[in-house]
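Here is my note on the model. Please read it with the coordinates open.

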Amino acid sequence: MFGFLDALKIGAGIAGGLMLYHLYAVSIGYPSAAREARAGYVLVAEKTAAEAKAAEMERQRNAAAQATEEHRKRLAAAEAAEQAAKDTLETEISNYERTLSEKNRACAVTAADRDWLLRH
């Protein structure tokens with residue numbers, strides 16, 4: 001049916017077709033290579049996104065720690081100012097009581113009145 005030359009022609013045609021496909025695939029790019037490149041890109045993109053998320057969380061944690069520290073310092077300063085105001089008030093009260101006692105006068109304010117004044 002087919003002769004040797006016919007088989008040779010078919011083989012040459014197949015070889016030529018494979019050669020053309022190879023040239024096309026090399027010039028355009030192998031689909032498997034493109035898939036592998038995309039898969040690698042996806043992994044790199046996911047890694048980059050995870051690193052950015054971790055960096056943002058670290059920044060937020062540092063900002064929260066700094067805000068907490070600032071709040072603690074302000075609270076300590078407010079408590080110190082409040083204690084200084086109480087000490088000043090106590091000193092003024094004792095000075096006034098001593099002034100009254102030197103003039104032989106008495107203060108009509110009782111301890112309950114004094115406590116009420118301190119709380120309000």
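1. Terms and model. Helices (H or I, at least four residues) and strands (E, at least two) are DSSP runs, numbered from the N terminus. By that rule the chain has three helices and zero strands. The model is predicted: local features need pLDDT of at least 70, side-chain atom pairs count only at pLDDT 80 or more, and totals for chains, interfaces and linings use all residues. Residues are numbered from 1 along each chain as its sequence is written, and side-chain values use heavy atoms, with hydrogens and water left out.

2. Fold and dimensions. Along the sequence the pattern reads α-α-α. The C-alpha atoms fill a box of roughly 145 × 20 × 15 Å along the principal axes.

3. Burial and surface. Buried means under 20% relative accessible area, exposed over 50%, and partly exposed in between (1.4 Å probe, protein chains only). Buried residues are 2% of the 120 in the chain. Accessible areas come from the Shrake-Rupley method with a 1.4 Å probe; for residues, only the protein chains shown count as cover. The chain exposes about 10,600 Å², and carbon and sulfur atoms supply 63% of that area.

4. Helix α1. This helix spans residues 4-28 and includes Ile14. Gly13 also sits in helix α1. At 48% relative accessibility, Gly13 is partly exposed. From Gly13 to Leu23 is ten residues along the chain, and their C-alpha atoms are 15 Å apart.

5. Nonpolar patch. Patches are made of residues with over 30% relative accessible area and no salt bridge; like charges are joined within 9 Å, nonpolar side chains (Val, Leu, Ile, Met, Phe, Trp, Tyr) within 5 Å. Which residues make the nonpolar surface patch of about 460 Å²? They are Phe2, Ile10, Ile14 and Leu18.

6. Charges. Lys and Arg count as positive and Asp and Glu as negative; His and the chain ends are not counted. Each charge is placed at NZ of Lys, CZ of Arg, CG of Asp or CD of Glu. The chain carries 16 positive and 17 negative side chains, and the centres of the two sets lie 5 Å apart.

7. Salt bridges. Side chains of opposite charge can pair when their charged atoms come close. Here a salt bridge is a side-chain nitrogen of Lys or Arg within 4 Å of a carboxyl oxygen of Asp or Glu. How many does the structure hold? There are six salt bridges.

8. Glu51 and Lys47. Their closest N and O atoms are 3.8 Å apart in a salt bridge. The two residues are four apart in helix α2 (residues 31-102), so about one helical turn separates them. Glu51 is partly exposed at 45%, while Lys47 is exposed at 54%.

9. Glu56 and Arg59. This salt bridge has its closest N and O atoms 2.6 Å apart. Both residues lie in helix α2, three residues apart, about one turn. Glu56 is partly exposed at 33% relative accessibility. Arg59 is partly exposed too, at 47%.

10. Glu58 and Arg61. Their side chains meet in a salt bridge at 2.7 Å, N to O. Both lie in helix α2, three residues apart, about one turn of the helix. Glu58 is partly exposed, with a relative accessible area of 37%.
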